[in-house]
Amino acid sequence: MLKLENLQVTFEKGTVGEKKALRGLNLHMKEGDFVTIVGSNGAGKSTLFNAIGGRCRLDEGAIYLDGVNLTGLPEHTRARDIGVLKQDPLKGTAPTLTIEENLALAYGRKSKGGIFATNRRDLEYYRELLSSLDLGLEDRMKTPVGKLSGGQRQAVTLLMCTISSPKLLLLDEHTAALDPHNARKIIGITEKIVKEKNITTLMITHDLDMALSVGNRTIMMDEGRVILDISGEERDNMTIEALLESYRVKSSKRLIDDRMLLS
Amino acid sequence: MTLLIGSIELGLIYGILALGVYVTFRILNIPDLTVEGSFVLGMATTAVLTAGGNPILGLAAAVCVGALAGTITGLLQTKLMINHILSGIIVMTGLYTVNLSIMGGKANMSILGNDTIFTMAGSKTLVALVLAISTAATVGTFFRTRVGLTIRGTGDNEEMVRAASIDADRTKCLALAIGNGLVALSGGLIAQYQLFSDVGSGAGIVVIGLASVIIGEVLLGRRGVAYGLFTAVGGSIIYRVIIAFALKVDLFPSYSLKLISAIVVMIALSGPYVKKVLREKKSVRKRRSMVKHIKGYVR
């Protein structure tokens, strides 16, 4: 499904500030896999997502999605198969457009509704999707998204990322900017949509409890590499303490504090 | 009365210019200076073809060359990564030469005595009204289509549009093409209305367009894109009527038009910020006086 081979990314190459963000990262994912990613700041988690999404250039390595080599394709072409959701709820939606217009933008070429952006058939579908969120948004489809709360906006963005059934979904700490109640709600919606549509998913999180309870596989990153990869029984028996312990053992950095992984 | 009708006609024709400025400035969120060149480009193209006996073809050609000029600005911005203000200035400057060469190297050109769309239809007011309204309606309808929505999305949140697998470079070029096509159409109509074309008439036209857009929004309110397009035309009419009467009563000399437009745009654009600062100052003063009051009470 997703195959990452020897990914290498360097920032500010050839200058004093040169930083190797990814140093030969390898990862294979099966269809329907839901992988959670943990790691301290600067481990290369977001760079990995940018590399897959086409927002940063690879020095070396290749990315295959469903056997297709994505390396070198522009961002908007990859976006047909890849949905990306970021931490900031303001980034994923167009604030002055209404909820239905935002969904129409995301639905785009998958819609068979003719030349007008909001037609009756699509609107029915959007209403159905919105009511599945259970946030009452189906009655506010003509409201500009800028008027919604952070949690509501993130829920709409989640729908937008998944509305055209992408092959791969990248979630970059998408609940970190929300309060605990809304974060739980968004995680619940995420799990439901991913399961229904059987989307292969990667999720970055700093919440170790969430990392072990959501999805079916967890990887830990450090210095641009995968240093731990657990699934199945090993993952079921893993505790947060054990996860931190293995970080201490395997990480190249001296941990001053366990919080480094958590923040 | 003649003065009023004349300024309404001008307001309607310049209203199409305001539509073009609305598309780039309000919808795409880019202040586009290409307009200064493409307005004259439309004028010159229409004048030459009108002199050759093809007034309608002249207007159609104006739209096409205007759109082409807009596309070039778009390509400079998106493919060559030139700053968007600078892209406009570069194309506008280049167009000056193009415009002169279209008019055979002369700075102005008269089409007096030739058939125009106005003489053909008989009523100037009717032509201006029908063209302004139908153009606004067409553009408004376009922005409700899928493609139109991608342009509105690009102006609102470009990053998100790219994430939705839309080529934002293309939508930008398209919006600039539409905006400049409209501006050139307005220029072509002005050439046929006043029966001459002048290479210098583009100077300050972008500010006049902005003034119309802003006057329309302030006086008629902001309520969505389709409504906004009509307020732009409305703003253009109001602008022309005010100017005509100000000049009529000798309030200003006739050459003060551009300074007035510049001041109107300056006030309107700084308005929201100035209002906010004043409000904050007021609330600080209120709080201070409250603190003083409480302190006095405690003593």
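Visitor: At what angle do helix α3 and helix α4 of chain A pack?

Guide: The angle between α3 (residues 99-107) and α4 (residues 120-133) of chain A is about 105°, and their axes are 11 Å apart. This is a predicted model.

Visitor: Why would you call α3(A) and α4(A) roughly perpendicular?

Guide: Angles of 65 to 115 degrees count as roughly perpendicular. The pair packs at about 105°, so α3(A) and α4(A) are roughly perpendicular to each other.

Visitor: Which residues make the contact?

Guide: On α3(A) they are A:Glu100, A:Leu103, A:Ala104 and A:Tyr107. From α4(A) come A:Asp122, A:Leu123 and A:Tyr126.

Visitor: And how many of those are nonpolar, polar or charged?

Guide: Five residues in the contact of α3(A) with α4(A) are nonpolar and two are charged, with no polar ones.

Visitor: Switching to the two chains. How many residues does each of A and B put into the contact?

Guide: Chain A gives 21 residues and chain B gives 18.

Visitor: Which elements of chain A give two or more residues to that side?

Guide: Those are α2 (75-78) and α3 of chain A. The largest share comes from α3(A), with four residues.

Visitor: What is the class make-up there?

Guide: The side of chain A that touches chain B has 12 nonpolar residues, five polar and four charged.

Visitor: Back to chain A as a whole. How many helices and strands?

Guide: Chain A has 10 helices and 10 strands. Its radius of gyration is 19 Å, close to the 18 Å from the globule rule for 263 residues, so chain A is as compact as a globular protein of that length.

Visitor: What box do the C-alpha atoms of chain A fill?

Guide: Along the principal axes, the box is roughly 55 × 40 × 35 Å. Of the 263 residues in chain A, 40% count as buried.

Visitor: What part of the contacts in chain A comes from residues 24 or more positions apart?

Guide: Counting contacts with a separation of 6 or more, 66% in chain A are between residues 24 or more positions apart.

Visitor: Now chain B. How many residues has helix α9, and what does it reach from first C-alpha to last?

Guide: Helix α9 of chain B, residues 168-194, has 27 residues and reaches 39 Å. That is close to the 39 Å expected at 1.5 Å a residue.

Visitor: Is α9(B) mostly covered or mostly exposed, and what follows α9(B)?

Guide: Mostly covered, as 23 of the 27 residues of α9(B) are buried. After α9(B) comes B:Leu195, which has a positive phi, near 65°.

How values were computed
Residues are numbered from 1 along each chain as its sequence is written. Chains are lettered from A and ligands numbered from 1 in the order in which they are written. This is a predicted model: local features need pLDDT of at least 70, side-chain atom pairs count only at pLDDT 80 or more; totals for chains, interfaces and linings use all residues. The radius of gyration is taken over C-alpha atoms; the globule rule is 2.2 Å times the number of residues to the power 0.38. A residue is buried if 20 or more other C-beta atoms lie within 10 Å of its own, exposed if 12 or fewer, and partly exposed in between; C-beta atoms are placed from the backbone. Two residues are in contact if their C-beta atoms, placed from the backbone, lie within 7 Å. Axes are lines fitted to C-alpha atoms, for helices over the stretch in contact, and angles run from 0 to 180 degrees between N-to-C directions. Angles under 35 degrees count as roughly parallel, over 145 as roughly antiparallel, 65 to 115 as roughly perpendicular and the rest as oblique. Ala, Val, Leu, Ile, Met, Phe, Trp, Tyr, Cys and Pro count as nonpolar, Asp, Glu, Lys and Arg as charged, and the others, Gly among them, as polar. The expected span of a helix is 1.5 Å times one less than its number of residues.
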